[in-house]
Amino acid sequence: MLRAVSTDVVETVGRADSVAGEVVLRRRGEVTELIVGGVFVMDTVDVSTEVDLADIALSLHPRPERVLVGGLGLGFTAAAVLADPRVRHVRVAEIAAPLALWAGEGLLPAPGLADERLTVEVADVGSVLGATAGGWDVVLLDVDNGPGFLVRPENTDLYARAGLRSAAAALAPGGVLAIWSSHRAPDLLAELRRSDRGTAREIVRRVHREGREFDYAIYVLTP
Ligand SMILES: C[S@@+](CC[C@H](N)C(=O)[O-])C[C@H]1O[C@@H](n2cnc3c(N)ncnc32)[C@H](O)[C@@H]1O
């Protein structure tokens with residue numbers, strides 16, 4: 001989640017206000033960047049772990065038909081879900097309304113979002129989880145950097161006991177929960193391990209950016 005340093009010309013693709021602050025989508029050469037509330041959220045330099053989040057969870061479910069994604073971002077996790085032909089319905093809860101709009105207008109860089117199986121809803125994923133208990137084969141959460149480095153303090157509860165229990169309770173029997181984090185989060189793993197919904201594990205992916213190494217983590221709860 002570090003800003004790329006580049007001398008490329010910057011082109012603003014979209015700029016609009018939202019409840020999360022001003023949302024800016026811009027291109028720097030080949031790279032698309034997302035800034036929310038003045039904070040750099042992500043870019044397209046390496047989206048392998050956003051894709052992994054979907055691929056790992058989907059690989060652990062025999063029939064992942066109904067998938068909830070928390071956080072649209074630039075759309076790569078949702079696109080990876082849609083690439084699985086077994087998936088029949090993908091609901092994305094995104095707090096920043098402009099991103100939902102831009103997804104519909106084809107402005108996001110992820111491929112394949114123009115798909116009738118996809119619904120993007122402007123909502124806090126915490127509310128959606130609470131309102132859809134037992135409804136999902138797969139729940140994917142990538143709404144923030146992870147519990148140790150939150151962009152939105154309002155997301156604290158999502159990564160703590162109440163939020164994690166709500167996410168687990170949103171799973172249908174046999175469901176899989178996966179959570180992306182920009183850092184290893186032992187407290188989150190311990191909390192998932194307390195769940196009576198299944199087995200929790202940590203998958204660490206090393207990503208190289210701008211000459212540095214980052215250990216991103218994906219936390220998975222399986223039956
Ligand atoms: C890191 S991005 C997600 C990246 C995405 N996985 C991808 O592949 O591009 C995080 C997104 O979550 C959204 N977000 C933050 N808090 C949220 C919440 N509580 N509910 C729903 N969306 C949220 C942000 O506006 C942002 O678009």
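## Polar contacts and the model

A polar contact is a pair of N or O atoms within 3.5 Å; within protein, one atom must be able to donate a hydrogen and the other to accept it. This term is used below for a predicted model, in which the side chains of Arg28 and Glu33 make a polar contact of 2.9 Å.

## Arg28

Arg28 belongs to strand S2, which covers residues 23-28. Is Arg28 buried or exposed? Its relative accessible area is 11%, and a residue counts as buried under 20%; Arg28 is therefore buried. The partner of its side chain in the polar contact described above is the side chain of Glu33.

## The ligand and its surroundings

The ligand takes up the space of the largest pocket. Around the ligand there are 23 residues, and those that come nearest are Leu74, Thr77, Glu94, Asp142 and Asn155. Sorted by class, this shell has 13 nonpolar, five polar and five charged residues. Strand S4 (39-43), helix H2 (76-82) and strand S6 (89-94) each supply at least two residues of the shell.

At Asp142, an N or O atom in the side chain is 2.7 Å from a nitrogen atom of the ligand. Ile95 takes part through its backbone: one of its backbone N or O atoms lies 3.1 Å from a nitrogen atom of the ligand. On its own, the ligand has 600 Å² of accessible area, and the protein covers 98% of this area.

## Trp180

Trp180 lies in strand S9, formed by residues 171-181. Its relative accessibility is 1%, so Trp180 counts as buried. The side chain of Trp180 is joined to the side chain of Thr49 by a polar contact of 2.9 Å. Trp180 and Leu101 are 79 residues apart along the chain, and their C-alpha atoms are separated by 24 Å.

## Glu210

Where does Glu210 lie? Glu210 is found in the loop between strand S10 (199-209) and strand S11 (212-222). At a relative accessibility of 41%, Glu210 counts as partly exposed, because this term applies between the limits of 20% and 50%.

The backbone of Glu210 also deserves a remark. The phi angle of Glu210 is near 45°, a positive value in a residue other than glycine. Most residues other than glycine have a negative phi.

Conventions
Residues numbered from 1 in each chain as written. Predicted model: local features only at pLDDT ≥ 70, side-chain atom pairs only at ≥ 80, totals over all residues. Heavy atoms only, no water. Near = heavy atom within 4 Å. Areas by Shrake-Rupley, 256 points an atom, 1.4 Å probe, with all protein chains shown as cover. 1 Å grid on protein atoms, 1.4 Å probe; cavity = no way out; pocket = protein on both sides within 12 Å on 5 of 7 lines; lining within 4 Å. Sits in = over half its atoms within 2 Å of the grid points. Helix = DSSP H or I, 4+ residues; strand = E, 2+ residues; numbered from the N terminus. Nonpolar A, V, L, I, M, F, W, Y, C, P; charged D, E, K, R; others polar. Buried < 20%, exposed > 50% of the residue type's maximum accessible area, 1.4 Å probe, protein only.
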